[in-house]
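Hello,

Here is the structure I promised to pass on to you. Please open it first, and then read my notes below alongside it.

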Amino acid sequence: MTPMGILHRAIFMTTEFSRRWRPRSLLQLVLLAFVVVMLPIAVLMFQAGQALSQLSTLADQSAREAVEETRRARMLSSLALQMERSARQYAVIEEQGLRDIYDQKVQQFGELLQQHEPLMRDNPDFQSLDQRFQELQRLPQASVDDMDAFLARFSGFATESDAVRNATNALVDARIADIRDQANSVKARLWMQTAALVSASLILMLFFTWLITRPIRQIERRIFGLGSGDCDHVPTRIQGPAELVQLGDRLTWLSNRLSELEAQKQQFLRHMSHELKTPLASVREGTSLLSDGVAGELNERQSEVVRLIDENGQELQTLIEQLLDYNLLQNSRRMKVASFDVATVIQEVLAKHRLALDNKGMQVKSPHHPLQWQADRERTVRILDNLVSNAIAYGDDGGQLVIRVAQQRDWLVLDVANSGEPIAEIDREHLFEAFYQGSARRKGPLKGSGIGLSVASDCARLQDGELVLVDDADLPVCFRLTLPWANRAAPGSQQDAAHGSQHDRAQHDNEAAPDESLLGGEGRKETWSVR
């Protein structure tokens, strides 16, 4: 088998093993996490207990041995003096009892020396003491010459005993220092093991935290996708305990069900709009023919009825178009990024509302300075269209409509202000809610649907921008739109290669032209008279 085949086989076996032994429930996963995370800590506690027990045993044994050896060395020094004293007393008194006492001390000294030999066999002082003891084991008979020579051998015997005692104390001190070094070594080893095993516990904790939170994050993204309407892609299967996998399957079923219901809603709206527009077109065509006198001249009362029918038909058509527009926006989240001239867009929107502005006699002030920007042109036009329509509907007859534009680094700032009744404080927080109609009275024959500002706000938010109501020093009502420079590489955006370098040129133009000419300058003023 080739190395690649062996590797694939190993990966397959590992995957099968992980699938077979994967916890089947969230409870099992949590319990397994606790057990595995506590395992290194349990090993650390076991090793620390063993090390402490070993040190305790060693210290206890060394303490007993040190006490015994110190006591033995002290007794050797004491017996050396007692032997010398007994020998000298025997030399003076020559009693057998003193000789027996000397023999008893010799026997005790020999036993202690034999017990002390394993500890200090190689010590020169001990060897000298042992050799001197061999010479002093037998006390000679009471003879002056022999006794004087025997007693002369005791010179230095006590000193050699003291030297052995001092050497024993040194060995005990060395052993205590060795125990201290061992304790420090065990301490360092325990610190290293503690750091390693605690790190392993933290790594395992992070790993199991990732295992537990990963399916939760997947479910969270799935729920966010359901809420934002981004259900186009195929959802990935939740990986984790059985409960969360089952919850993910339920979310997949819910997503599919919502998609089906949304498709049915869209189909219903399309059919209903078609079914409503067809008879509505016939009604408006009929009212137009009646108004033109094709079916005969109408008196004043009949003309008033036909006019009411035509106005209500126009209102119904506007409501249908706004409703379709609103639903289309809610289900279309993709941006169509393109480069365009903001001033041109403004003039196009104003031209669309020229007749309504002319009828109200509103004085329009708009910028004509070129400003290239990159954003979703269709949604930007829709925002402006709704803002201008709102200004026409609620502005004063013969009032003002002012549009200002400025660039602030990578942001476009566009103000649409008009004269008229200020928006009440109670209406400000609900101003951009769908189907909300404030307390202000709409002017004109058509009744509003409460969708226009909601659509405009959604169009701004879908471009990562913002539409807010701000205070203006000159006019009582002012809406401010801020839009960022859109990235062409964003998913779903349409590329426009023809305008690749227009942003740099626009920045150069904006640097050459002062911002006052855009936001607060002397833009060309257009006044349209009432017909």
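Glu348 is partly exposed, with a relative accessible area of 41% (buried means under 20%, exposed over 50%, partly exposed in between, using a 1.4 Å probe and protein chains only). Before going further: this is a predicted model, where local features need pLDDT of at least 70 and side-chain atom pairs count only at pLDDT 80 or more, while totals for chains, interfaces and linings use all residues. Residues are numbered from 1 along each chain as its sequence is written, and side-chain values use heavy atoms, leaving out hydrogens and water.

Back to Glu348: its side chain meets that of Arg377 in a salt bridge (3.0 Å, N to O). This pair links distant parts of the chain, with Arg377 in helix H11 and Glu348 in helix H9, 29 residues apart. A salt bridge here is a side-chain nitrogen of Lys or Arg within 4 Å of a carboxyl oxygen of Asp or Glu. Helices (H or I, at least four residues) and strands (E, at least two) are DSSP runs, numbered from the N terminus. Arg377 is partly exposed too, at 29% relative accessibility.

How do the axes of H9 and H11 cross? They come within 10 Å and cross at roughly 45° (axes are lines fitted to C-alpha atoms, for helices over the stretch in contact, and angles run from 0 to 180 degrees between N-to-C directions). The two helices are therefore oblique to each other; angles under 35 degrees count as roughly parallel, over 145 as roughly antiparallel, 65 to 115 as roughly perpendicular and the rest as oblique.

A search of the whole structure finds 22 salt bridges. One of them joins the side chains of Asp397 and Lys360 (2.6 Å, N to O). Here Asp397 is exposed, with a relative accessible area of 59%, whereas Lys360 is buried at 10%.

Another salt bridge pairs Arg480 with Asp415 (2.8 Å, N to O). Arg480 lies in strand S7 and Asp415 in strand S5, 65 residues apart in the chain. Asp415 is buried, with a relative accessible area of 1%, and Arg480 is partly exposed at 30%. Both belong to a network of salt bridges that also includes Arg404 and Asp472.

Finally, have a look at helix H13 (residues 452-462): 10 of its 11 residues are buried, so this helix is largely enclosed by the rest of the structure. Just after H13, Asp464 takes a positive phi of about 60°.

Best wishes
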